[in-house]
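Here is a short briefing on one protein model. Please read it with the structure open.

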Amino acid sequence: MFRIATSYAMPLLVTMSITGATVNSGAAADTPNVILCMADDQGWGDTGYNGHPVLKTPNLDQMAREGLRFDRFYAGSPVCSPTRGSCLTGRDPYRYGIYTANSGHMKPEEVTLAELLREQGYSTGHFGKWHLGTLTKDVNESNRGGPGGIAHFSPPWENGFDSCFSTEAKVPTYWKPGSYDAFGTHYWTGPEQMVPAEQVSGDDSVLVMDQAAKFIEQSVTNGKPFFVVIWFHAPHLPVVSAPPYTDGYHGKHKDYYGCLTALDQQMGRLREKLDTLSVADNTMLWYCSDNGPEGKSSAPGTTSGLRGRKRSLYEGGVRVPGLLVWPSKITKPRTVEVPCVTDDYVPTILDALALQPPAATERPQDGVSLMPLIVGEMTERPQPILFESGEQLSLTDNRFKLYSPDRGKTYQLYDLIDDPGETTDLAKQHPDKVAGYARCLAEWRASCQASATGADYE
C-alpha cells in the first residue's frame with residue numbers, strides 16, 4: 001500500500017489486479033446480484049428523506065429506512081462522464097483521460113466491473129445513459145457519434161456488457177410524439193442497432209426500467225447472477241414530464257419534480273420485481289447521483305444548504321444521495337456518516353464476491369472496500385477521497401476537507417463535521433494540516449498523471 005511520508009501520513013492508493021480475478025478458496029464465495037442505479041444531476045437535497053419541502057420520493061425514502069443511508073456519499077466527479085468511469089473501474093477518471101463530459105472514452109486497456117463479473121459467470125446489462133464513448137461509427141448522432149467520433153467509439157458491448165439499451169448522452173426525460181428522431185440522440189442495443197422511434201414514447205425512466213426488468217427476469221430464468229447498471233437520465237436537462245407524474249405539483253418546476261417522481265416510482269417497481277423473482281435478499285441495490293444539481297441557486301435542484309452545485313468541488317457539487325439495500329447482509333438499517341464515493345463500488349463488490357486477484361498486473365485503485373462498513377466494522381475511512389476537476393482540487397478526509405480553486409496555488413480548509421456548508425476557512429489556523437494534505441494531493445496527482453501516460457498498461 002502506498003503511503004505519504006508526512007506527519008499526516010495516510011494510506012492513499014491501494015493496488016489490486018484488474019485482470020484474471022479468481023475466487024479465493026480460503027473464503028466462502030458469495031454470488032450476490034449487483035445493481036448500480038444512478039440519477040443524473042440530482043442534488044443532495046432532492047429527496048424526501050433529506051427534507052425536500054415539495055418533492056415526494058416515497059420509494060427512495062423507504063430504501064433509506066430499510067438499508068444504509070449514506071449522508072456523506074460522493075460522486076467521483078462534479079460532472080457526469082468522469083463519475084460514470086469511476087463507478088465501473090474504481091479508478092479516478094484522470095487516470096484514463098475522461099476529464100469532463102464529452103471528452104475521452106473508456107479505454108480498451110481499462111478493465112470494467114462488467115468484464116470482471118462476466119468472467120465470474122454473471123450476465124451483465126447496461127440501461128440508460130452511457131456517456132463513456134460513442135455508440136456508432138456510421139451514423140452522425142448525439143454529441144460525438146458517427147465517422148467523426150470513431151476515435152472515441154467505446155460502447156457498452158465493448159466494455160463487458162452482454163446486453164444494453166443505451167444512449168451516448170442526454171435525452172429528454174419524457175418522450176413526446178416526434179421528439180425521438182428530432183432530438184438526435186437515440187437508444188442503441190448493439191453494433192449499429194438503433195432502437196426505432198415507434199419503440200420510444202412516454203417517460204424515459206419507465207422506458208429504461210422496462211428493459212432492465214426484462215433483462216433481470218431473463219437472467220433469473222437462466223439461473224445466472226446478474227450485474228445491472230441503470231443510469232437514469234432524470235433530472236438532467238431537457239426536463240420534461242406529464243401527468244400522472246406531475247400530479248400534485250404546481251408552478252414552473254413541476255416537470256422537474258414530475259420526472260424525479262417517475263424515477264422514484266421506477267425504483268419501487270425495481271424492488272417489487274426483485275421481490276417477485278425471490279432474489280431481493282441476495283441483491284446489492286445501490287443508488288446515487290452522478291453529481292450535484294444543475295444551474296444556479298434559483299434552479300429547482302437543491303443541495304439543502306451545501307455550498308456549490310454541479311461542476312464545483314465544493315460539497316454541493318459532489319455530495320449526493322447515496323443508498324444501499326442488501327437484505328441478506330444489512331439487517332439493521334442505519335445512517336452512515338463515513339465518507340464514501342463511487343470509486344468504492346469496484347473494491348466493495350469484488351470483496352463481497354471473495355475474489356482474490358493474482359499478484360501480477362497491479363494498477364492503482366482510488367476506492368476502498370466498504371464491506372467492513374456494511375457489516376458494521378468500519379467507523380472511519382482508511383484513506384481520503386481525492387478529486388481533480390479543471391482548475392479545482394480537493395481532498396476529503398473523515399473530518400476535514402482541503403480545497404483549491406487554482407490547482408494548488410491557494411488552499412482552503414473546512415471542518416465538514418461542524419461546518420458542512422463550508423462557510424469558515426480554517427487554513428490559517430491549521431497550516432501543518434494544510435501542508436500535509438497538500439503533499440498528499442500532489443503525490444496522488446503525480447500517480448494519476450503517470451497512469452494517464454499509459455504507465456498502468458505496461
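**Strand pairing**

Threonine 167 stands opposite tyrosine 187 in strand β9. This is a predicted model: local features need pLDDT of at least 70, side-chain atom pairs count only at pLDDT 80 or more, and totals for chains, interfaces and linings use all residues. Residues are numbered from 1 along each chain as its sequence is written, and side-chain values use heavy atoms, without hydrogens and water.

- β7 (residues 163-167) and β9 (residues 187-190) run antiparallel, joined by two bridges. Strands pair if DSSP finds at least two bridges between them. Strands (E, at least two residues) and helices (H or I, at least four) are DSSP runs, numbered from the N terminus.
- β9 is also joined by two bridges to β10 (residues 193-194), again antiparallel.
- Tryptophan 188 has methionine 194 in β10 as its bridge partner.
- Two residues separate β9 and β10 in a hairpin. Glutamate 192, in the turn, has a positive phi of about 55°.

**Histidine 52**

- Histidine 52 sits in the loop between β4 (33-39) and α1 (58-66).
- Histidine 52 counts as buried because its relative accessibility is 12%. Buried means under 20% relative accessible area, exposed over 50%, partly exposed in between (1.4 Å probe, protein chains only).
- Beyond its neighbours within four places in sequence, histidine 52 is in contact (heavy atoms within 4.5 Å) with Gly45, Asp46, Thr47, Tyr257 and Thr302.

**Nonpolar cores**

- The largest nonpolar core has 52 residues; Leu36, Phe70, Phe227, Trp286, Leu324 and Ile349 touch the most other members. A core is a set of buried Ala, Val, Leu, Ile, Met, Phe, Trp, Tyr and Cys residues joined through side-chain atoms within 4.5 Å.
- Helix α8 (residues 345-352) gives the most to this core, five residues.
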